Amino acid sequence: MSNQKCAIIGVGQTNFKKRRDDVSMAGLLREAIDRALADAELTLKDIDAVVIGKAPDAFEGVVTPEIYLADAVGATNKPLLRVHTAGSVGGSTCIVGAHHVIAGIHDTVLAVSWEKQSEGNAQWGLAGGRSGGIGAGGAFAPWMRAYIHQSGAPEYIGWMVAVKDRRNAAKNPYAHLKMPDITLEQVKESPMLWDPIRFQESCPSSDGACAVILTNEDGARRSSKPAAWFHGLSVKSELSNFPGRNPVKPQAGVECAHDVYRQAGINDPRSEIDMAELYVPFSWYEPMWLEGHDIAGPGEGWKMVDTGETDLGGTFPVNPSGGVLSTNAIGASGMVRFAEAALQVRGLAGEHQVPDVRTALAQAYGGAANYFAMGVLRTTPPE
Amino acid sequence: MTETKLEFPYSRTLGPVVGAFLAGLREGKLYGIRGADGRVLTPPLEYDPETGESLGTDMVPVGPGGTVVAWTWVEHPAPKHPLSRPFSFALVKPDGADTPMVAPVDAGSIEKMSTGMKVRPRFKPEPHGLITDLEAWEPV
């Protein structure tokens, strides 16, 4: 079994909206797939295998959708595999696709993930089909409050993250919520949903899909555009709840980060990584993941927000795309982190491009913050 | 005993092809679509089953008549069956189509069923834009 190098050579995203009632579920996927193929200068004929991922089927009520999507995703007479790791699934789907290339089993793999949330009710789906569930915000709120308590972070840090991400999203043609003029005051005065999370500090519910084309060195050579090379990729998980668990800084998230840093030869992530796309569905998760993945020391993550370090023009930009806070088609969101990190490395991010990105970090988390998928992408292939 | 009420708050957007097919049923019309190999596929598909290519949105009118290409007989219909009296589940190829679609045939008795028989569609008087708007096919 050969050990191939793997790159993202094509990225495709749908336009994310509250309701994409102009397309079927298949059509939604295909919009992202066609854009990724065009970016990679390939057609469906060039794809050897297809990996798809989405969050729980209860979200749309289409059970095992992979059964009826083979034609739409171009998988007729090819391997079609489905991945599921809750909200991190877009990230793990990308990594499963990359593993096929790295293992030398397939040359070129299409990975696609999506959610069409307008067709159902995610909060209802998360509650196992019963009304009155607390939803993701309700589940995460106590941990965010615990972070604030432990770190001594001022309340306005959450508002700053919300303002930054919504303003960044205004520069991203695919983002759902674009609020170029949003102010701290507007966030502060928005209704409290789950203390400490206010309405403007929470992600929207979006329809959309994301696709990436993964290939080896031969495949990358055939493309006229720059590739984004994997230097590290890792999926880690832990039990969602157990005595002694630290849900504010889950150990699986620490292990996942250190695994990709080790693979990529990164000793000091804060100085050696040029930008990051982190899964931040609620504002406080930005400083929480900066600390949760040891980019910042304990109690230091919120200071990176406070000093503007994570701004688009800062020294460690986080979520220049506007992030999950501005666009959340749950199944797609993890893959969007990898896709956006790839666009940054390839220099193709457009108006939200960070200058001179050589090393980018992509991260997705899911479940009760017990699933993690992370990747390090660079402009050049690994040695 | 505990009673729990389950809700199913789902809706579907069908897209331009399946949506057009079901909208046609509402008007008592049947549509197919031309596949990559030139065959008329009924019910229509958004993407070609072989090549995966988009088949566009040009619907091909088929029917109204059809031909039974295969069938089975349901002598004792269950409450969930589409008809309450004995009927046939059949593959019916609408005129002008190259693929058959599964549907009930209301022939009254098994003796009236045969492969190759001609049938015509019977639509529900109050359509809902569902596949069941095509209530059954009847012998011509």
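By class, how many nonpolar, polar and charged residues does the lining of the second largest pocket have? In this predicted model, that lining has nine nonpolar, two polar and four charged residues. About 430 Å³ of space lies in the second largest pocket, and of the 15 residues that line it, Ser24(A), Tyr68(A), Leu14(B), Val18(B) and Glu46(B) are the closest to its centre.

The largest pocket has a volume of about 940 Å³, and among its 42 lining residues those nearest the centre are Ala122(A), Leu126(A), Ala136(A), Cys203(A) and Ile330(A). Two or more lining residues come from each of helix H3 (122-126), helix H4 (135-151), strand S5 (192-194) and strand S10 (359-366) of chain A, with H4(A) giving the most, five residues.

Strand S10(A), which contributes to the lining of the largest pocket, is mostly covered, since eight of its eight residues are buried. Thr359(A), Leu361(A), Gln363(A) and Tyr365(A) point one way from the strand, while Ala360(A), Ala362(A), Ala364(A) and Gly366(A) point the other way.

S10(A) runs parallel to strand S9 (residues 275-277) of chain A, to which three bridges join it, and here Glu277(A) has Ala362(A) as its bridge partner. Eight bridges join S10(A) to strand S11 (residues 371-378) of chain A in an antiparallel arrangement, where Tyr365(A) is partnered by Phe372(A). S10(A) and S11(A) form a hairpin with four residues between them, and Gly367(A) in the turn has a positive phi of about 65 degrees.

Notes
Residues are numbered from 1 along each chain as its sequence is written. Chains are lettered from A and ligands numbered from 1 in the order in which they are written. This is a predicted model: local features need pLDDT of at least 70, side-chain atom pairs count only at pLDDT 80 or more; totals for chains, interfaces and linings use all residues. Side-chain values use heavy atoms; hydrogens and water are left out. On a 1 Å grid over the protein atoms alone, a cavity is a set of points where a 1.4 Å probe fits but cannot get out, and a pocket is an open set with protein on both sides within 12 Å along at least five of seven lines; lining residues have an atom within 4 Å of a point. Grid points are joined across faces, edges and corners, and a volume is the space filled by probe spheres set on the points. Ala, Val, Leu, Ile, Met, Phe, Trp, Tyr, Cys and Pro count as nonpolar, Asp, Glu, Lys and Arg as charged, and the others, Gly among them, as polar. Buried means under 20% relative accessible area, exposed over 50%, partly exposed in between (1.4 Å probe, protein chains only). Two strands pair if DSSP finds at least two bridges between them.
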